[in-house]
Amino acid sequence: MYIAITFTIAFFALLLVFWGGKVLLRGNWLLGFLRGSVGLLLLGGALLIVLLALDVYSYRNLGDEHSVGTVSFERLGKQHFLVKFSDEDGISQEFELYGDQWQLDARMLKWKGVLARSGIEPAYRLDRLSGRYLTLQDERNRERSVHALDTSNHGVDLWKFLREMDNRVPVVDAVYGSATFLPMQDGAVYEVRISHSGLLARPLNQQAQSALNEWQ
């Protein structure tokens, strides 16, 4: 579905390139400055739309609830952990987190109006993995850690723009989906799942379950 959306946006970009080139290449430059300005604006708009399409393409279609990956922990020191995140495609990344608890965040695009009625599912992109301390004193004074899992690589960030607009765009809302902060524990493994309401983390082994029981 999101490949179709990307190609639709790209088609409009090609139309703008055609119109912009037609204006720029038209003979008789009596209104050269105006035509040149309009042509450049159309070409600039086409480039913006292409970059927007690339940003949308970086999101995944969200149908039914499913797993987005697993998070495992190895203690390196006091309130210091090596974290391995393996996503649903089997790609692993390792990070160092400081603190007592961890959280995984995702960016979500929720379509509204005619797009939602046409059956287009929400989209998501994993955003960041972060740690935090249980006490306010530690949170203020000890080293903190936040790691980006994915970014907008083409200079256009649709999700950030929608948030800055307070989601006033009539066809889509940009929202955060965040797993609840859960305890870090040596050897603990969690599965992270995503649904239309956001992220949910579940313990996969005894170490994770024990950490949850002690925390609750």
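1. Start with Glu65, which pairs with Arg193 in a salt bridge whose closest N and O atoms are 2.9 Å apart. By salt bridge I mean a side-chain nitrogen of Lys or Arg within 4 Å of a carboxyl oxygen of Asp or Glu. Glu65 sits in the loop between E1 and strand E2 (66–77) and Arg193 in strand E10 (residues 189–195), so this contact ties together parts 128 residues apart in sequence. Helices (H or I, at least four residues) and strands (E, at least two) are DSSP runs, numbered from the N terminus.

2. A word on the model: it is predicted, so local features need pLDDT of at least 70 and side-chain atom pairs count only at pLDDT 80 or more, while totals for chains, interfaces and linings use all residues. Residues are numbered from 1 along each chain as its sequence is written, and side-chain values use heavy atoms, with hydrogens and water left out.

3. Arg193 has another partner: its side chain also meets Glu191 in a salt bridge (3.2 Å, N to O). Through shared partners, Glu65, Glu191, Arg193 and Arg202 join into one network. Glu191 is buried at 16% relative accessible area, whereas Glu65 is partly exposed at 38%. Here buried means under 20% relative accessible area, exposed over 50%, and partly exposed in between (1.4 Å probe, protein chains only).

4. The structure has 11 salt bridges. Have a look at Asp89 with Arg60, where the closest N and O atoms are 2.3 Å apart. That pair links distant parts of the chain, 29 residues apart: Asp89 is in the loop between strand E3 (80–87) and strand E4 (92–98), and Arg60 is in strand E1 (residues 60–61). Asp89 is partly exposed at 49%, and Arg60 is partly exposed at 33%.

5. Now the rings. There are five aromatic pairs in the whole structure, counting rings of Phe, Tyr and Trp (its six-membered ring) with centres within 6.5 Å; planes under 30 degrees apart are stacked, over 60 edge-to-face, and the rest tilted. Phe73 and Phe81 have ring centres 6.3 Å apart and planes at 90 degrees, so they are edge-to-face. Phe73 is buried at 5%, and Phe81 is buried at 2%.

6. Trp102 and Tyr190 are a tilted pair, because their planes lie at 55 degrees, with centres 5.3 Å apart. Trp102 belongs to strand E5 (residues 101–111) and Tyr190 to strand E10, so parts 88 residues apart in sequence are tied together. Trp102 is buried at 0%, and Tyr190 is buried at 0%. Ring pairs link Phe73, Phe81, Trp102 and Tyr190 into a cluster.
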